[in-house]
Structure formats: C-alpha cells, structure tokens
Amino acid sequence: MKVFNIPVEATLEVIGGKWKVVILCHLDKGEKRTSELKRLMPGITQKMLTQQLRELEEDGVVKRSIYEQLPPKVVYSLTEYGWSLKPILDTMCAWGEQHMEMVEGPEIEISK
C-alpha cells in the first residue's frame, strides 16, 4: 500500500504529468477512440498516449471498451470514479483561462 504525506500527492499520483489531465478533459466531452485522442493532442506520441491511457485505466478513472466487430473498435470513457474528478478539471480549466489572459495580456493594436 502506498503512503502519501499529504492528500494532494494522492491526487497527483493519478492525474499528474503532462498529458493525463488533457486526456481527461477530452473524455469529459464524451467517449473517444485512440485515434480521436491522438488527433486532439498532436504533441503526444502514440506510445505516450497508450501509456497514459493504461495508467488512467489502472487507477480506475478511465474505462476501455472493446466492441467486437471488424475491425475491432476500442473506445475510452470516464468511469463513475473518473467523473468525480470533474470539479477539479473544471477548476483547472477556469484557472488556465485566467492565466492565459494574464500571460498573453490584452491585444493592443498599434497604428502608425
């Protein structure tokens, strides 16, 4: 059993890293196939996407569904436990929007 010093460590154990929150935000809008996620995240490698999805699945926040058809269809979705992260994801998105505005600043048109 893993021991955490403070609760945020437990949270970061599940959603930490560059891509996990991004994956969760896309799945928040509905189930996605691997190829859809890859298209939505052009900066991620296929290997990293697969690894992150597997870890999220192991942690119980993402469900992998396989549809027996030809070719087989695999889709990912949030589990009920995964949906419990929605308030955290919404707060992170709202903070990110404010941060982007602060960093990018107001667009000022300079006329000569």
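## Span of helix α4

Helix α4 (residues 46-58) has 13 residues, and at 1.5 Å a residue it should span 18 Å; the expected span is 1.5 Å times one less than the number of residues. The end C-alpha atoms of α4 are 18 Å apart, which agrees. Helices (H or I, at least four residues) and strands (E, at least two) are DSSP runs, numbered from the N terminus.

This is a predicted model, in which local features need pLDDT of at least 70, side-chain atom pairs count only at pLDDT 80 or more, and totals for chains, interfaces and linings use all residues. Residues are numbered from 1 along each chain as its sequence is written, and side-chain values use heavy atoms, with hydrogens and water left out.

L49, Q52, L53 and L56 are the buried residues of α4 (buried: under 20% relative accessible area; exposed: over 50%; partly exposed: in between; 1.4 Å probe, protein chains only). They cover an arc of only 100° around the axis, so they lie on the same side of α4; the arc is that of the directions from the helix axis to the C-beta atoms. K47, R54 and E58 are exposed on the other side.

The buried residues pack against α1 (7-15), α2 (20-27), α3 (34-40), β2 (62-67) and β3 (73-78). Q52 is buried because its relative accessible area is 6%. Leaving aside residues up to four places away in sequence, Q52 touches W19, K20 and I23, where contact means heavy atoms within 4.5 Å.

I88 belongs to helix α6 (residues 86-104) and counts as partly exposed because its relative accessibility is 34%.
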